[in-house]
Amino acid sequence: MTEVLNIDNLSKHYGSILAVDRLSLQVAPGSIYGILGPNGSGKTTTLGMVLDVVRPSSGTYTWFGQHTGKEIKRRIGALLETPNFYPYLTARKNLQIVADIKGANSKSILQMLNMVGLEQRKHTTFKGFSLGMKQRLAVAAAMLNNPEVLVLDEPTNGLDPEGIAEVRELILKIAAEGKTIILASHLLDEVEKVCTHVAVLQRGQLRADGRVDNILSARDQFVISADDIPGLVTVLQAIPFVESFQPERDTVHVTLQEGYDGRELNRAMFEAGITLSQLTLHRKSLEAQFLEIVKNRTP
Amino acid sequence: MNLLRIELHKIIPYRTVWVILAIYAMLMLLILYTSSKVTINGQEVGNEMYRLPGFWQVLTYTSSFFNLLFGILIIVLITDEFTYRTFRQQVIDGLSRADLVLAKFYVTLGLATLSTLFLLLLGLYFGLLHTSSPSAAVIIGKMDALAYYFVQAVGYMSLALLFGILIKKSGLAIIAFIAYAQVIEPLIHLRLPDSIDKYMPVKVLKSLTPMPGQSLLDELTTPTQLLTPPNAAIYSIGYIMLLLLLSYLILKMRDL
C-alpha cells in the first residue's frame, strides 16, 4: 500500500540554524500520526515544507507516492500554525474563497460549518470570532473538499479547556471516518489521547517513531529504599533485568525491563541480603517520559 | 477565470478599495471642474480645455497623477495577503505561486479598465458639452490616449505589485514605491543623458501621457527627449512582463 506521506532526508537551514535535520518518516493510510516535540523542534517547519510553503534546503517528500501539485493538494486539508482568513469577510465568504481554490462544491460550505458548530455564525466576520471559533473555522476550511488527509499544526494551541475538548472530539470524529490525520503538537498528553502513531522531534532530529503504545508505553518506575543505600546500588548494578536506576537522597528510582515487576525486584534484593524498607510503584509523569525518550533514543 | 472570481470575492466587500476609488473619482471631478478656471502653460484654459479631441490628452495626463493611488491600492491588497497569511494558506490549499501573481495582475487589469472607462465617460460628458460641432472624427480623434493611459495604469500597478511582494509590509512598501517613482528615478534622470534615461521604467510610463502642449514648451526651452506614446507602449509592456516575472521569482525563492 502506498504511504500517504513519505519524507526522505528532509533538511531546512535558516542561516546557520538547522531547523530540520535529515528527517525521514512515513505516514500510513488511516493512521493518526502525531509529530511531538517541544516548541522550536522543527514541527511547523517540517509541515511547512511538505505543504509547499517552506523551501526544503535538501531532501524530498511525496504525497501518495507523487510530487505535490494542484491535484495532490486537493486531497489534503491543512491548517498550519494559525487560522489564516480575511478578517473583514464573514465565515461563509472566507470558506467560499477556499472552496473556489480547492474546486469544492459550494454546498459543502454549509455542511462543514454545521460540522464544526458554526452554522449560526456564518454571517459573522472572522475578526469577531473567538480563538476557538477561528480554529474550528480553519478545520472546516481544511475539510471542505472532503480530503483524504488532514494536517493539523497545534490545533488546540491557545484554546481554553472547553475549546481543547471540542477540537479533540472533532479530530476523533473525523478520524472515525477513516481519514489519515497528521497532527503536530508539543503536548504529550494530546498525542497520547488522540494518536495511533508518533514521531518525536528534538532540535530538528527524529528521536523516535512508531506506534504510540510502543513509544509512550509508560514503563512504571519503582521507588525503593533500604538502610544501606550504597549497598543497594551495588546490588542493582548486578541485577540483569534492571534497565536503569537513579539514586536520590534516601530512595532509588528503578525502571525494570519489560515483563518484570515488583515481585522479581523484591526477590532479587532479598536474595542479595538486602531488606527493602520501601517498595512503591510510581507512575511516570508525562514530562519524565518525554525527557526519557529524548535523552535515551537516538535515530 | 477562477482566479479573478476569487479576487472579486476578496475585493468587493473590502471598504478600503471603494474608499480609494471614491477618492480618485472625486479628485478627478474636482480638478476638471476647478482647472477650467485657471491657466496652464500661459494659456487661459476655460472652455478650451474641454474641447475634443485635445481633451482626451488633458484627461489622461491629469489622471496619470493618480496612478500612484492605484499603486498604493495594489500594495495594500498584496501586503494584506502577507499580514493575514492568506498567500500561504492559498498555496497550501492548491494555488501555485504563479497563480498568486497572475491573480493580482488580473486585479490591476480590472482596476485599469475601470479607471479607463471612467475617463471615457468623463471625456464624453465634458467633451460633448463643450465641443461646438462634435463629429465622429473629432470625438475619436485622439482617443488612443485612453489606450496609452490604460497601459500606463497597468504599468504603475505592476511596479507596485513588485514592491508589495518584495517588501511585504504595507507602510514600507508604499514609501518605497512612491520614493522610487517620484524621487529616486527622477534623481537618476538628472545624472543620465536624455538619450539613455528615456528608457527607464518610470520615464517610459510617463511618456505614455505626455503633457498637453509639451511641444509648445519644447520650443521655448531645451527640448526633453521622450519616447513617443506608441514606442513607450511597447517598452512599457516589456517592463510589465519583467516586473511580473521578478515578482514571481521572488515568491518562488522565498518561504511564504
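The following legends describe close-up views of a predicted model.

**View 1. Domain arrangement of chain A.** The domain assignment divides chain A into domain 1, residues 5-215, and domain 2, residues 221-283. A distance of 44 Å separates the C-alpha centres of domain 1 of chain A and domain 2 of chain A.

**View 2. Surroundings of A:Asn94.** A:Asn94 belongs to helix α3 of chain A, which comprises residues 91-102. The relative accessible area of A:Asn94 is 2%, so the residue is classed as buried. Leaving aside residues up to four places away in sequence, A:Asn94 touches A:Phe85, A:Tyr86, A:Leu89 and A:Phe126.

View 3. Helix α6 of chain A consists of 16 residues, 161-176, and reaches 22 Å from its first C-alpha to its last, close to the 22 Å expected at 1.5 Å a residue. Its buried residues are A:Gly163, A:Ile164, A:Val167, A:Arg168, A:Leu170, A:Ile171, A:Ile174 and A:Ala175. Because these residues cover an arc of only 155° around the axis, they lie on the same side of α6(A). The face turned away from this buried side carries the exposed residues A:Pro161, A:Glu162, A:Glu169 and A:Ala176.

**View 4. Packing partners and end of α6(A).** Among the elements of chain A against which the buried residues of α6(A) pack are the strands β3 (32-36), β6 (149-153) and β7 (180-185). The helices α4 (107-115), α5 (131-143) and α7 (188-194) of chain A also pack against these buried residues. Just after α6(A), A:Gly178 adopts a positive phi of about 90°.

View 5. The unreviewed UniProt entry annotates several stretches of chain B as "transmembrane region", including residues 146-165 and 172-192. Residues 146-165 of chain B are 100% helix and 0% strand, with end C-alpha atoms 28 Å apart. Residues 172-192 of chain B are 95% helix and 0% strand, and their end C-alpha atoms lie 28 Å apart.

How values were computed
Residues numbered from 1 in each chain as written. Chains lettered and ligands numbered in written order. Predicted model: local features only at pLDDT ≥ 70, side-chain atom pairs only at ≥ 80, totals over all residues. Heavy atoms only, no water. Domains from an automatic or database assignment. UniProt positions renumbered as here; feature names shortened; annotations may be inferred. Helix = DSSP H or I, 4+ residues; strand = E, 2+ residues; numbered from the N terminus. Buried < 20%, exposed > 50% of the residue type's maximum accessible area, 1.4 Å probe, protein only. Contact = heavy atoms within 4.5 Å. Expected span 1.5 Å × (residues − 1). Arc of directions from axis to C-beta.
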